[in-house]
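Biologist: Walk me through how to read this model, please, starting with its charged side chains.

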Amino acid sequence: ELPLVGRRADLAALRLALDAASESRGHTIFLAGESGVGKTRLVQVLAREALRREMFVAVGGAYAAESGIPYGVISDALVPALRDLPPATLSVLARGAERELGMILHGLALGRDSSEEVSPHDADHKARLRWNFAQFLGRLAARQPLLLILENAQWSDPSSMELVHFLARQLRQTPMLLVVTYADDEQELPTALMTAERSLLSRGEATLRRLE
């Protein structure tokens, strides 16, 4: 494995965030930089560090060809990792919210029918979905500190970034670190991504690091 070059300060900051998450002081970090600058390499090192600390690690990304799939980047990260959990554990973590969770975590068997159609314009349902998902991740993190990495958010769908914003506001006393990476040399970054980032930065609920 080749060493990281010129990333000592960035890696140190991420490790400090892991320390804080392990002590139930969760946080969100936006990691931005030009394509190919080394964002993926950096979060790979961070993920290995988290695994050494016996944290629950989930890593996934958004894809340009799939930018219209609701909650695509979140599902891509969490579903493969959650499939390793016993069904009984998933059931305990879900606590009756299998239908809502199934709308986010595509293809994950949650033990109940999660296929019932719900209007995407149903505000009450969207609020319930976000709350149930945040509670689900909170229970997962209480069981084992959690590192969630969402890469290439420049291709993310709006619903994913809206959910990231909601989730990030719940992390202050949660053993969880959320890292969102994106290439900032794209001609036009998604409005939902930029809105979520600005809002969270202004509230002190996220940090932005730019890789040069």
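**Charged pairs and helix packing**

Modeller: Arginine 52 is exposed, at 58% relative accessible area (buried is under 20%, exposed over 50%, partly exposed in between, with a 1.4 Å probe and protein chains only). Bear in mind that this is a predicted model: local features need pLDDT of at least 70 and side-chain atom pairs 80 or more, while totals for chains, interfaces and linings use all residues. Residues are numbered from 1 along each chain as written, and side-chain values use heavy atoms, without hydrogens or water.

Biologist: Which residue does glutamate 49 form a salt bridge with?

Modeller: Side chains of opposite charge can pair when their charged atoms come close. Here glutamate 49 bridges to arginine 52, with the closest N and O atoms 3.0 Å apart (the rule is a Lys or Arg side-chain nitrogen within 4 Å of an Asp or Glu carboxyl oxygen). Both sit in helix α2, three residues apart, about one turn of the helix (helices are DSSP runs of H or I, at least four residues; strands are E, at least two; numbering is from the N terminus). Glutamate 49 also meets arginine 15 in a salt bridge, at 4.0 Å, N to O. That pair links distant parts of the chain, α2 (39–52) and α1 (8–22), 34 residues apart. Glutamate 49 is buried at 15%, whereas arginine 15 is partly exposed at 32%.

Biologist: Which residues are linked in a network of salt bridges?

Modeller: Arg15, Asp19, Glu49, Arg52 and Arg53. The model's count comes to 14 salt bridges.

Biologist: Which residues in α3 meet α6?

Modeller: Ile74, Leu78 and Leu82 of α3, against Phe133, Phe136, Leu137 and Leu140 of α6 (contact means heavy atoms within 4.5 Å).

Biologist: Is leucine 78 buried or exposed?

Modeller: Leucine 78 is buried, at 0%. Leaving out residues up to four places away in sequence, leucine 78 touches Ala58, Leu105, Phe133, Leu137 and Leu148. Its C-alpha atom is 7.3 Å from that of glycine 60, 18 residues away along the chain.
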